[in-house]
Amino acid sequence: MSTQIKGIEKEYFLSKLLGEQIPIMYIYNRKDYTLKVDKIGKETMEFITAEAIEGLIANKKINLMFDYKGLIISFVVEIKSISQEVVTTGLPNVLYKNLNRSNSRVSVPADLQIQLMSIEDRYSLPYPKSSIFETSDGSAFPSDMSPKDFNGVIARLAAAVTECADGQKIVYYSSSVLPEKVEERIVAENGKTLFIPPTVNRLPDFTEEQQKYMITIDVFKRYFESVGVGEIFLDQTIEHFIKSKHDEGMVGALWVPLLFQEYVVGYIFIWKSASTKLKGKPFDMTFVETIRQYSKWLVFSLKERGYFEAGHMKDRVINGKIIDISASGLRFAITNSFVFLALQPGVEIAVTLTSPQRNIHAKIKIRRRNKEGSVVYLGCSFVDMSPEDAQYLFDFIYGKPKHESAEVLLSGNV
């Protein structure tokens, strides 16, 4: 991972740029330009350049980089004003060293068009939306079953439940069936599993990994706060909720959401009664993981049977703004709420790069994701790109370097 440089260390490198007049490189539209720092103030810094730089305008953010004794450092500044050969910018918030991409990042050339497309089909459905996005590729579906054998999946689920619990119920949401009970609402809003284990009068503690898909005490508290419960009554309210389930004859209960992309299409409810609490296999996290796997199989089977087809969207274009590009990847920003859920590290996206001489069809994989306000920034690397296309892209976005420093900065461990 790249390392952020802040505080005193950042001030040190900025002072070296000024004191030692270290060349700084900016690349735009296949041309490399050299700048040097002329002045650093409390909120701004001034650069001078021996030649006019194409494409600079006020409020534009630019990527700059320099080589300090073999250490490649990059940073982003926002242009405040341009006067002849002086470029005034804001101060960088942070510098970056040990960058883990193989080529330097530059602005997108004016004659390069980039289109991003979701590889997975997209849907618009009348179900509650959660804060989790679940892929539905069916990669883990049992090899000895047909995905369209929905009744077969139900039968296997019932057999698994019988070994550990007393009953089950599957609820499917629709325009007329929506979450109403506390457990339904908290599961639907979070897209996570709610588990009350036997003989425990509180929600269990979970590992850091389990907290990604299990409803914790903190999640429960946030829900009750959102519906108006005062802070001093939160613990009491949770205890009352668990007691109410015990009063209904349950010593253990489990609610597992049926997740299809960002939608909660229903849930599996399983319970264990007091009369059989010592019978069968343990009603524990191993059982929870089993039912979570069945929930994925159920949803994939529904998909394969055309259950969601009415909401199938033909347009899979991702309307993101390309921030910058390198020969090894690109970075884009998007404000669409769907992206907050769907575009996570590890997800692949189809990309088409159109230049005057060649069209390149490849994929990018999301490596980094960060959110600033309502905008999500995604750093991606190219995958499935032929060596010929990769070489062409390198030559196209960088051009032929004019300065010696550009040879060092354009490629290598930057």
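**View 1. Lys 10 sits in helix 1, residues 7-19.** Helices (H or I, at least four residues) and strands (E, at least two) are DSSP runs, numbered from the N terminus. This is a predicted model, in which local features need pLDDT of at least 70 and side-chain atom pairs count only at pLDDT 80 or more, while totals for chains, interfaces and linings use all residues. Residues are numbered from 1 along each chain as its sequence is written, and side-chain values use heavy atoms, with hydrogens and water left out. Lys 10 is buried but forms no salt bridge. Buried means under 20% relative accessible area, exposed over 50%, partly exposed in between (1.4 Å probe, protein chains only). A salt bridge is a side-chain nitrogen of Lys or Arg within 4 Å of a carboxyl oxygen of Asp or Glu. The nearest side chain of opposite charge is Glu 11, 4.2 Å away. Lys and Arg count as positive, Asp and Glu as negative; His and the chain ends are not counted. Neighbours within four places in sequence aside, Lys 10 contacts (heavy atoms within 4.5 Å) Ile 5, Pro 92, Asn 93, Val 94 and Leu 95.

**View 2. Asp 284 caps the N-terminal end of helix 6.** A side-chain oxygen of Asp 284 lies 3.2 Å from the backbone nitrogen of Thr 286. Helix 6 covers residues 285-304, 20 residues in total. From first C-alpha to last, helix 6 reaches 29 Å, close to the expected 28 Å. That expected span is 1.5 Å times one less than the number of residues. Gly 306 follows helix 6, with a positive phi near 85°.

**View 3. Ser 381 lies in strand 21, residues 375-383.** Ser 381 is buried, at 15% relative accessibility. Its side chain makes a polar contact with the side chain of Arg 367, at 2.7 Å. A polar contact is a pair of N or O atoms within 3.5 Å; within protein, one must be able to donate a hydrogen and the other to accept it, and residues adjacent in sequence count only if both atoms are side-chain atoms. Beyond four places in sequence, residues touching Ser 381 include Ser 328, Gly 329 and Lys 363.

**View 4. Gln 21 and Gln 261 have positive phi.** Most residues other than glycine have a negative phi. Gln 21 has a phi of about 50°. Gln 21 is in the loop between helix 1 and strand 2 (24-28), and is partly exposed at 29%. Gln 261 has a phi of about 55°. Gln 261 lies in strand 14, residues 250-273, and is buried at 1%.
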